[in-house]
Amino acid sequence: MRHTELTMGRTFALAFDDGDDFVSELTGFCAQMGIRQAIIPMFLGGFRRVGLVGTSGPLQDPEAPVWEESVLHTVEAVGAATLAWGPESNSLAPHIHVAVGRKDLEAVGSVSHLLWAEVQFIQEMFLQEVTFPRLLRPKCGPHALPTLSFAPTAETEPL
């Protein structure tokens, strides 16, 4: 395990509107406000359509990441996220997970990594900026997974 103490910056409440592209609106807001790293302790609302990491078939290798996409329609959602900078893409790299319940199947649920979503009715979010240290999400390990990392500082560099 790795760890670091965070210095927090501004805190925002965001209210997404019906039809909004959830990820585009979030990353656009961050670009407009100059946010390169943040935590999202909670968001909730509805999605008309949502793309989650998942597959309907058996896993070929349970130890490998799943890269397939499952699309669900008309769901209620609650989630959380971290936002860090992707050095390879030189852009914001959100890591968003959601728990969703389908309205048409007695609220049957799914939990996974969110790839994209279209807001249905509303989506409410609280976002807290991290000002220090720099949070990075480089691709690491044998599967090249984007992994939260902390930029070296004078206090964390080895002596």
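## Glutamine 37 in its loop

Glutamine 37 sits in the loop that runs between helix 1 (22–33) and strand 2. The model is predicted. Is glutamine 37 buried or exposed? Its relative accessibility is 8%, so glutamine 37 counts as buried; the cut-off for buried is under 20%.

The side chain of glutamine 37 has two backbone partners to note. A polar atom of that side chain lies 3.1 Å from the backbone oxygen of valine 130. The side chain also reaches the backbone nitrogen of leucine 135, at 2.7 Å. Setting aside residues up to four places away in sequence, glutamine 37 touches Leu83, Glu129, Val130, Thr131, Phe132, Pro133, Arg134 and Leu135.

## Strand pairing

Strand 2 (residues 38–53) pairs with strand 3 (residues 69–86). The sense is antiparallel, and the pairing spans 13 bridges. Which residue of strand 3 is the bridge partner of glycine 51? That partner is valine 71. Arginine 49 has histidine 73 of strand 3 as its bridge partner.

Strand 2 also pairs with strand 5 (residues 109–132). This pairing is antiparallel too, over 12 bridges. Here phenylalanine 43 has methionine 125 of strand 5 as its bridge partner.

Strand 3 and strand 4 run antiparallel and are joined by 12 bridges. Alanine 81 is bridged to isoleucine 96 of strand 4. In the hairpin of strand 3 and strand 4, four residues lie between the strands. Asparagine 90 takes a positive phi near 50° in that hairpin.

## The nonpolar core

The largest nonpolar core holds 32 residues. Which members touch the most other members? They are Phe22, Leu26, Phe47, Ile96, Leu114 and Leu127. Two or more core residues come from each of strand 1 (7–17), helix 1, strand 2, strand 3, strand 4 (91–102) and strand 5.

Phenylalanine 22 is buried, with a relative accessible area of 0%. Neighbours within four places in sequence aside, phenylalanine 22 is in contact with Phe16, Phe43, Phe47, Ile96, Leu114, Ala117, Val119, Gln123 and Met125. Ile96 and Leu114 are again among the residues that touch the most other core members.

## Aromatic pairs

How many aromatic pairs does a search of the whole structure find? It finds four. One of them joins phenylalanine 16 and phenylalanine 22. This pair is tilted, at 4.9 Å centre to centre and 40° between the planes. Both phenylalanine 16 and phenylalanine 22 are buried.

Phenylalanine 22 also forms a tilted pair with phenylalanine 43, at 5.1 Å centre to centre and 45° between the planes. Phenylalanine 22 lies in helix 1 and phenylalanine 43 in strand 2, so this pair ties together parts that are 21 residues apart in sequence. Phenylalanine 43 counts as buried, at 1% relative accessibility. Phe16, Phe22, Phe43 and Phe47 form one aromatic cluster.

## Cysteines

How many disulfides does the structure hold? The number is zero. Cysteine 30 counts as buried because its relative accessibility is 1%. Cysteine 140 has a relative accessibility of 33%, so cysteine 140 counts as partly exposed.

Note on methods:
Residues numbered from 1 in each chain as written. Predicted model: local features only at pLDDT ≥ 70, side-chain atom pairs only at ≥ 80, totals over all residues. Heavy atoms only, no water. Pairing = 2+ DSSP bridges. Buried < 20%, exposed > 50% of the residue type's maximum accessible area, 1.4 Å probe, protein only. Polar contact = N/O pair within 3.5 Å; in protein donor to acceptor, adjacent residues only side chain to side chain. Contact = heavy atoms within 4.5 Å. Core = buried A, V, L, I, M, F, W, Y, C linked by side-chain atoms within 4.5 Å. Disulfide = S-S within 2.5 Å. Phe/Tyr/Trp six-rings, centres within 6.5 Å; stacked < 30°, edge-to-face > 60°.
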